[in-house]
Structure formats: C-alpha cells, structure tokens
Amino acid sequence: MKFQPRQQLLDVWEAAARASYRDGVWTWGGRDGSNSISDAEQLLCFLYPAAELPGLRLDTPDETADDVLAALARLGDSVEIPKLLLQVIGQYLRKYTADDGRPIFSGGSYFRAAAPDGKPAPEQLQLDVVDSFSMSVTLALSTLGFLKVFRQSVRRQSLRAEIRELEDLASKRLTAAMVGMLRSFTVNAFDPGSPSGRALVRTVNQAGAPDRRVLDDLRRELRPVRAGLRDLTIGSGSQVDLDNENLLFECGWTWGIVKDSPEVATPHDIGPQPKGVAKETPFLYFTVNALVGIADLFSERTRVLGLLNDPQQTLAQAIQRRWDLTQIYWRTIAMYGRGQWPLQDIPWKTTDEKESEYYSLGVTAMVVQSLVNSRAADVDLGRVADVLEELAVRARIIRRAVPGDPSVSMHSPGVAINMRGAEDLGPNLIWIVSDFAITLLKRTIWAASIVQNTHTKEKLLGLADQIWRHVSARRCTSGRARGLWDQPGNVFAGLDAHSEDPSWYFSERVVEFLVAATQARSDPPLRNPRLVEMAYEMLGEAEHLLDQELVLRPLTAGQTIQPKLRGIQAALQRARAIIDERPATAQALVYDALLDLERLAAARDNAAEAI
C-alpha cells in the first residue's frame, strides 16, 4: 500500500480530539445525534487503536510515543490523556445504564421511520439493536484492557477506586451485550417450494442443474450446520424445528432481540432482560456486524489479558458456536458448486427476493472472514479478489459516476433495511447503512493479508490503494468534522448532504481499517517457495566455497584476510537464520558473500600466477 496507516491514524486522532474536546469539555454526538452506538463509535476512535497497536498505547504514560502526544496534545500530556479517557469512559457507561441497572443498547437517533414525513415512536427509539451489542463488545473489551494496564501506573486511591468501579460497569455491559447477542441470533426455516426456497435454490444453482439434485446436495452439505443449530440450548435460534430435513433454512442475526426469545441465565446482575420484537429473519448487514464484534471475544489480546471471567467464558462459547455455524452456512451457500460461485453472480439476491450490490458485499465480507480464519487456498482468494474489484466498479468507487447514477445511492443516503417487527410499537422502522466503501476496503485488506500468490496480492493491494483514495477524498474539510468523515459530495457530484458534524459511524470504521492495515504491515513478507529453494541452493554453494577458503586460509590467517572471512561467515549464518521467512533478503546476503569469496579466490589466483 502506498499510504502510511500509522500516520493516517495519528491524523484521525488529532481531528477526533479537535471534534470531541472543546473548551475543556467532552462533546458527545455527531451528525446523527447521540445514542449508545454513535457514542461508542466516538470512544472507539481513540480506544481501539490504542488497544490493538502497541506503538499507539495510551495506558502506560511512561511509554507513550512522542508523535502520539503531539496528535493528542489537545487532550493533555501523557498523564492527563489516560485520566481524561477514564472520565469519558465513566460518562458513557453511566449514561447508558438505566435506573434499574440494565445496560442500554438502544438505537435511538439511528432509527428512521420508513415514511419520509414519519417519526419513530418513543418506545421504538428504546429498542435494543445488534449494532449496539456488537459495538459494546468491542468497546467493553478495549476498556477492560485499558483499565487493567493503566491501573499499574496509578497510585492515588481515588483513581484506583474509580478504575475498579468502571471495570465492574464495563464487565456488566460486556455480559449484557453477550446475552443480547445470544437472544438476537435466529434461524429461518422454509419449504423448498416457497418463494424463499425457490430464491435460495436459484441463487446456488449456477450450473443450471436439476433442482432435485441441487436440493439433495445442499442438504448434504448443510447437514453439519443443521445438526449444530439443532443442539443450541442457550438463547434464541433453537426454537425452529430442524428435524425435518426437507426444509431449507438460513441462519444469522436479526436486527434486535428476537420476539419471544427466552431469557439467558447468568450469575451476573445485568438487570431485567427486555422482551424482543424482531422477526425471526436473519439480515446480512447485522450478521456481518455481529461477526465482527464477536471476533474480538476470541482475539489474542482478550486471551492474554484474561478479560473474560468464567461466566463470560461460558457465554462466549455459546456465541462461538453460533459464530462458527453462521460462517460455515454462508460460506457453503456463497461458494456452492464446482463452476461459478453464487457469490460471483452479482448482485446477490436474498431469500425475500431483494437484490443489491450491498448484499453481495455482506456475503463477501463473511466469506473473507471465513477464508482469513481458515488460511484458504489462493485459488479461492483469487475469485474473491475478482468479486471485490467488481463491487468497487459497480459502486463507482474506482470508476467515475455519471449524473443520476443509481449506484451513488448506496453511499448517500445509503441502503434502507426494514426492521421487521418494530411496527408493533409504531410506524415501520428502517435502518440506513452507508458504509459500503469502507467495508469494501476492510475486506480487501483482510484478503490481501493472507494471500500467498504475488499477483493476487498485488492486485488486492492496488485495489486497496484505489479505494483508499476514494475514502480519503470523502474527508470533511470544514467545521467540527474537519479531518473526519463522511462527505460523499466530495467525490459524487450533485450530492448536497453537507454537515459540519462528523459521522462517527463512518469515521470509526475508517479507524478499524487503518488498524487492520497497520497490523498487516507488521506481518512477515510473502514466502515464495521458489525463492526459498533458490536461496538454499545459493547458500549451499557459498558455504562450500567458504569452507574451501577456511582450509586454505583459516580464521587465524593474517590481519587483512581474517576480518573478511569472519564477515562472510556471519553473513551466511544470518542468511540461514532468516531463509525460511525472508528468502529474498537471505539471497541478497548470500549474493554479497559470494562476491567477496570470488574476490578472495581471484586475488589468490593472481598471487599464484605472479609466482
């Protein structure tokens, strides 16, 4: 990649500090107002990079980097910054805890009425939503990790007491979010002859095979998923009868707590568990967001710091089963068949017969996450790379949009998702998603991080650079939002959706991408087997020639030759140490050693001829 993600993160931190902390007061909310999700996104713009990247740590004042302090100078020095974050975390956790002790996960100002002149009912604004569960898992883990490390630098008893209280609140919120995740998972079963069944069969049947053969094959492929879903005992998703193998099904997360979802028993006091209203229908968008948040439960940092207690470990195991089953299900559907994958048939059509490039992106996101976890073969990643590039073209990210281009609507105002079931409490509700560009960028960098084929990797990295130029151009240039996102009118002519306030929804997702890009930079370079083989052959020749030189002129030779031989020997030892991970670098060391050995041999031959 041609850009520097660490520097970009520092730029975002500087802009986020300017937007959040004004006149010594922390200001919550952005262009979409203040709610449990937006405020978590605002906080994560600071906490997530500090948690994931050692070079950007804020929890150890003595180790805070100078460029980090320069970027966050508005927030104070290395001691004041973590103390301010402590204060802000406390504000958030207390603000989104109800009087009865229940953590609040409502969508609030993110909810929209489907009718242009409509307005959500007050009861609807209080509905819990999966986005808040997912974001709260990430925020709570980042907070617990920050507090655990920062406590070691604190001596004042009042601060230590505040840290203990915030740890309890964050742990309680984490437990409640995990319970919400379990109660929002759903399975939708249907007859193959129903509209949903026919839509699913059409999607997977890319080769035009007889439907009966496709159904038999699909049932066989999905049998392990069906068995796993049938054995679920905690939370929702287990109410559907899957014993009838003639039924098709789909699984994932709906937008909120499923209607009639049973309560989840936990020894933690998380307050009363609200009743659900969401219909038992998985949504691609909410499923993808749930999987992203859930992944943080199993990260190395979570394990190393021991951020989950025993009851949370039990909940995490139940969530991981759903995570695994969902990944297997959607990977099976998306990659079904021996010819063209259903994923490659863009746009993706859902079982309710709606189609959009955004749905293709959602399925691609799950496939990429699955391939990353399984370290998939390059042939699979090559197909995914083609899909990602096609989506970038169709969304007018790497192609110019023409006036009135319908693809622009995916970016602004975004794709509307009907929140089925919420109409029981008021007007029809919708959820607007406008993160197509940055989600595409995140999946591209994820795929590039594991591909081994040099051509495919270069293709993905080149695509990431192009998408980043598009995303970077959408930065706001004025007002409180200066340096943050999102201003799509900068790249799409005719859009007048200008705002002086930042979209924390979009900005936080940019931060997630920049963190992933920074982590990808720390990975070892590609290991080409042919380079390794050639490096070993060159090393063998060099070591043999060195042995010959040592026979003729041992290391105890004259003062002129001795340092040269020792240098060659050290270079070859270093080459052997790194040859498996960095074969090209090893070759360079061997090449220099061979040149030095040739010069010694030539000098010896010339001396012999002179005699």
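Helix 19 comprises 24 residues, 529–552, where helices are DSSP runs of H or I with at least four residues and strands are runs of E with at least two, both numbered from the N terminus. The buried residues of helix 19 are Val532, Ala535, Met538, Leu539, Ala542, Leu546 and Glu549; buried denotes under 20% relative accessible area, exposed over 50%, and partly exposed in between (1.4 Å probe, protein chains only).

The model is predicted, with local features requiring pLDDT of at least 70 and side-chain atom pairs pLDDT 80 or more, whereas totals for chains, interfaces and linings use all residues. Residues are numbered from 1 along each chain as its sequence is written, and side-chain values use heavy atoms, leaving out hydrogens and water.

Strand 4 (residues 185–190) is largely enclosed by the rest of the structure, because 5 of its 6 residues are buried. Strand 4 pairs with strand 5 (residues 248–253) in the antiparallel sense over 6 bridges, pairing being assigned if DSSP finds at least two bridges between two strands. Within this pair, Val187 has Cys251 of strand 5 as its bridge partner.

Strand 3 and strand 9 (residues 429–433) run antiparallel and are joined by 3 bridges; the bridge partner of Phe111 in strand 9 is Trp431.

How values were computed:
The expected span of a helix is 1.5 Å times one less than its number of residues.
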